[in-house]
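Dear colleague,

I am passing on the structure that I promised you, and below it you will find an account of what I found in it. Please read the two together.

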Amino acid sequence: MSAREQILGRLRQRKAAVPASEQPDFSVLTRRQWSAGERLDLFRQQIESVHGEVMRVPREDWLTPLVGWLQQREISTLLAPRQHEVGQTLRAGWTAATGNKGPELRAYDRPIEAWKPELFSEVDAALTSTLGGIAETGSLVLWPDADQPRLMSLVPPIHIAVLDADRIYSNWLELLREQDWAAGMPANALLISGPSKTADIEQTLAYGVHGPAELLVLVRQ
Amino acid sequence: MAKLYPAKPEKVYFFGTCLIDMFYPDAGMAGIRLLEREGIEVIYPQGQTCCGQPAYTSGYHDQSRQVAEAQLDLFPGDWPIVVPSGSCGGMMREHYPQLFAGTARAEQAQAVAERIWELTDFLLHVCQIRLQDLGEPMRVTLHTSCSARREMRVADAGPALLQQLDNVELVEPERATECCGFGGTFAVRHEQVSAAMVSDKVQALSATGAMAFATTDCGCLMNIDGHARKEQQPLSGEHIASFLWRRTHPAAEDSR
Amino acid sequence: MTAEPTFHTRARASLADPQIRANFRNAMDGLMGKRTAAFEGWELEELRTLGAAVRQRALSQLPDLLEQLEANCERNGIRVHWARDGEEACKVITELCQQHQARHVIKGKSMVSEEMELNHHLAGAGIEALESDLGEYIVQLAEETPSHIIMPAIHKNTGEISDLMHAKTGTEPRRDVPYLTSAARQQLRTKFMQADVGISGVNFAVAATGTLCLVENEGNGRLTTTVPPVHIAVTGIEKVVGGLEDVAPLLALLTRSATGQHITTYFNMISGPRPEGHLDGPREVHLVLVDNGRSEIWQDDELLETLRCIRCGACMNHCPVYTRVGGHAYGTTYPGPIGKILMPHLQGLAQTQDLPSASSLCGACGEVCPVKIPIPQLLVRLRREAVDGDKLNPSVVRGHGVKRRRLEALVWRLWAWGHARPALYRFGLALAQRLRFLQPRRLGAWTRHRTAPVLASDSLHARMARRDGGSS
């Protein structure tokens with residue numbers, strides 16, 4: 001008999017049904033609602049509390065403040081999407097915004113196998129879009145795809161995420177209901193809440209242990 | 001869930017517990033007198049022995065059931081059963097129903113369980129006692145037993161009662177909610193761990209600057225007080241009922 | 001020849017080690033405070049009730065959910081494997097590695113892989129398995145096992161870790177956490193790039209969507225499940241839940257209970273391998289479902305509640321015994337209160353007989369458990385099983401009755417006989433009190449640390465009998 005048959009067989013042979021639980025009541029989660037203004041404040045407060053940085057930027061011109069931030073840090077290479085609206089906007093306005101003073105724009109345009117060492121050591125920062133934010137936990141929602149692969153938000157030392165202020169939900173449950181995640185999940189979905197960190201050495205926080213040491217969120221308003 | 005407190009009854013049963021019977025009868029008398037002073041008639045069934053907990057927590061449930069069964073018939077009237085211990089109270093209220101599940105005594109055990117009250121909770125919330133402190137100013141600290149806190153959920157009662165005493169300064173020890181390390185047979189089966197726990201507890205209680213502590217349970221009392229004595233620490237304890245009675249009764253010391 | 005170390009001997013050693021005592025006390029104090037702060041503003045009781053209900057519901061549908069999980073994972077392109085025990089799971093994983101000629105495996109944190117000693121098995125097949133969670137990495141360098149399920153290296157302080165890394169990896173001997181952390185990052189990045197297979201655990205497996213959820217802070221879990229061409233996820237069969245919505249309360253409870261975080265840095269939901277046209281992610285994803293005793297626990301209504309566990313570690317953080325002896329004293333994969341109620345099933349009571357009694361039943365574990373596992377009640381149940389103490393409810397756990405001793409059983413029978421006969425009890429007590437001058441001053445273990453309680457001259461019974469005029 002296969003392991004599968006034996007395990008399921010044992011489970012199916014139970015003498016009586018498992019005592020049913022009380023009907024789960026999710027209101028303890030769903031009643032935690034905030035207004036749009038409160039959501040933005042809470043989001044910011046939460047993500048800052050875990051060493052993330054929030055920059056509010058105008059929707060029409062978010063490149064200027066971004067470039068200022070990058071140039072101040074002397075970032076030399078930035079990985080950005082090609083197809084997504086944020087990538088297109090950024091690429092269209094890049095020369096004007098940077099005055100050709102960098103950083104250099106890169107694209108994740110090959111399978112990882114073709115440029116692993118480069119991605120791991122030569123890219124300073126990566127910019128991605130987000131599907132939304134979560135106020136309660138200060139989280140960003142990402143569904144990586146061909147244009148914005150999984151490692152963009154993970155391997156470079158700095159991750160910059162673009163978030164639209166009107167897409168900040170109160171909590172994850174609300175978001176996954178409204179965006180109907182149950183209808184179909186992507187191969188990979190992520191909640192990102194701050195830069196990579198560890199407290200494994202004597203409970204002392206240290207950032208950037210495996211992923212980015214810095215997370216900048218551009219909140220477009 | 002908020003607990004529903006009944007109106008003060010005319011009578012109560014008093015289940016004194018075996019530790020009090022053997023080692024701390026003064027605490028039992030104090031509890032009875034506090035209830036009587038509130039105008040309640042206290043019935044002390046002479047047939048009582050032990051709630052059965054020592055065997056229960058040691059895994060000997062047949063023997064626990066045998067002893068517990070002998071207690072079930074002691075409370076024929078529909079009066080509350082007051083227990084001056086969170087531990088024995090917890091056994092009777094929380095574990096009797098399961099211990100007797102599926103037996104002929106199941107219903108009776110359930111009914112008894114529902115009438116169990118821990119003494120301090122009963123004094124505070126049912127009797128709505130108002131204490132008049134007659135003692136000299138002093139500082140005291142409190143150890144609420146884990147069973148009073150987590151099984152009976154009456155951790156608010158001890159501090160509230162002590163705070164009614166005008167001349168008593170109640171100081172909370174560090175890590176007040178941590179166990180003193182008694183745990184019945186745990187104290188001997190896991191001697192070293194238990195000793196480390198009670199040593200820390202004595203240190204925490206002493207660090208409050210109080211020389212005296214009160215506690216809701218005689219198990220904790222025996223453990224903490226015994227360790228303090230063994231280590232010749234200037235800390236001594238008593239059951240909270242004894243303390244309350246002593247502070248609020250003129251010449252309580254010789255009122256046997 | 002020395003005897004096999006027991007909980008007692010290991011606990012005694014920990015208690016005598018001031019460094020271990022201080023490391024755990026400080027860490028646990030911190031974690032308790034953070035947990036409390038993280039639940040501020042929450043209706044915690046309601047949330048725990050919801051967490052328990054969601055887990056209990058999943059367990060009540062376990063076989064159906066496992067089949068559903070399997071079907072949806074397969075539909076998503078995740079290959080599902082089943083293993084009756086740790087041995088079989090190791091075999092499945094080793095074979096998968098061999099199929100890909102894997103020499104280097106990188107691992108994310110997984111307690112079930114510790115449970116089945118996977119690294120050991122892989123090493124036997126010539127496959128190097130490297131732990132990438134910083135705490136696990138440190139523990140692996142030290143050739144130890146985790147002492148806490150969330151913070152594996154909590155028993156070590158910075159100095160000890162600095163010395164260890166210096167000796168094993170050649171870092172500078174600096175007691176500087178950011179330096180040590182970045183050194184580990186450099187060391188492990190190379191390994192991530194080389195790894196042929198990534199192995200991870202699973203925090204929640206969602207049946208309705210075929211999704212594997214992983215909770216982590218470091219990013220090593222994401223690297224493990226993204227960079228190598230093959231990802232193998234391994235999990236106990238009890239980790240399955242119905243739908244994504246069920247994960248919401250469990251996630252809210254897990255991270256706050258564990259480390260007092262509102263959420264971890266990464267919540268990684270994997271529902272398939274790299275899709276056509278995508279540029280990263282593993283080409284293959286495998287899920288290994290491990291039973292290893294769980295289907296046995298599941299047969300009993302009371303014991304089954306053990307399986308609600310979401311591995312947050314709050315029970316250990318709040319346990320006065322764990323705080324004092326540390327994780328290694330237990331000698332088991334899962335230490336602390338959850339270990340005491342889980343390990344007897346995985347190893348049998350004969351191997352774990354000192355664990356259920358190693359508790360004062362203070363209830364702190366049950367009070368903080370995010371899914372309301374009645375841990376103290378389950379400890380009592382296992383104590384009962386260990387002595388076959390209940391004729392009405394026969395024992396079922398492997399190795400039951402192992403602690404039953406004739407003399408002890410006789411003592412309890414005598415105790416019951418005396419306490420079930422009130423007249424005899426009163427007579428005996430009165431006699432003892434009359435003869436109390438004979439009371440021994442020394443009562444073994446009790447009086448090594450405390451004075452003996454003194455029998456009163458007069459019982460409460462006698463006083464009340466006199467007062468009530470002999471009526472009862």
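**What was found**

Leu99(B) lies in helix α5 (residues 86–99) of chain B, where helices (H or I, at least four residues) and strands (E, at least two) are DSSP runs numbered from the N terminus. Before going further, please note that this is a predicted model, in which local features need pLDDT of at least 70 and side-chain atom pairs count only at pLDDT 80 or more, while totals for chains, interfaces and linings use all residues. Residues are numbered from 1 along each chain as its sequence is written, and chains are lettered from A and ligands numbered from 1 in the order in which they are written.

Leu99(B) counts as buried because it has 24 C-beta neighbours inside 10 Å; a residue is buried if 20 or more other C-beta atoms lie within 10 Å of its own, exposed if 12 or fewer, and partly exposed in between, with C-beta atoms placed from the backbone. Apart from neighbours within four places in sequence, Leu99(B) is in contact with Tyr56(B), His61(B), Ser64(B), Arg65(B), Ala68(B) and Ala109(B), contact meaning that the C-beta atoms, placed from the backbone, lie within 7 Å.

In chain A, six strands form an open sheet with parallel pairing, in the order β1-β12-β7-β4-β2-β3; two strands pair if DSSP finds at least two bridges between them. Because β1 (53–57) and β3 (104–106) of chain A stand at the edges, each with a single partner strand, one side of each is left without a neighbour in the sheet. Within this chain, β4 (residues 125–129) and β7 (residues 158–164) of chain A pair in the parallel sense over five bridges, and Ala126(A) stands opposite His159(A) in β7(A). Helix α4 (residues 63–72) of chain A lies across β1, β2 (77–79) and β12 (214–220) of chain A, running at about 145° to β1(A); here axes are lines fitted to C-alpha atoms, for helices over the stretch in contact, and angles run from 0 to 180 degrees between N-to-C directions.

The contact between chains A and C takes 78 residues from chain C and 65 residues from chain A, and the chain C side divides into 39 nonpolar, 24 polar and 15 charged residues. In these counts Ala, Val, Leu, Ile, Met, Phe, Trp, Tyr, Cys and Pro are nonpolar, Asp, Glu, Lys and Arg are charged, and the others, Gly among them, are polar. Strand β9 (residues 188–192) of chain A and strand β9 (residues 266–270) of chain C pair in the antiparallel sense over five bridges, with Leu191(A) opposite Phe267(C) in β9(C).

Helix α4 (residues 62–76) of chain C has 15 residues and reaches 21 Å from its first C-alpha to its last, close to the 21 Å expected at 1.5 Å a residue, the expected span being 1.5 Å times one less than the number of residues. Its buried residues include Leu62(C), Leu65(C) and Glu70(C), and among the elements that cover the buried residues of α4(C) are α1 (3–12) of chain A and α3 (44–60) of chain C. Just after α4(C), Gly77(C) takes a positive phi of about 95°.

Lastly, the contact between chains B and C takes 53 residues from chain C and 55 residues from chain B, and the chain C side divides into 28 nonpolar, 12 polar and 13 charged residues.

Terms used: Two residues are in contact if their C-beta atoms, placed from the backbone, lie within 7 Å.
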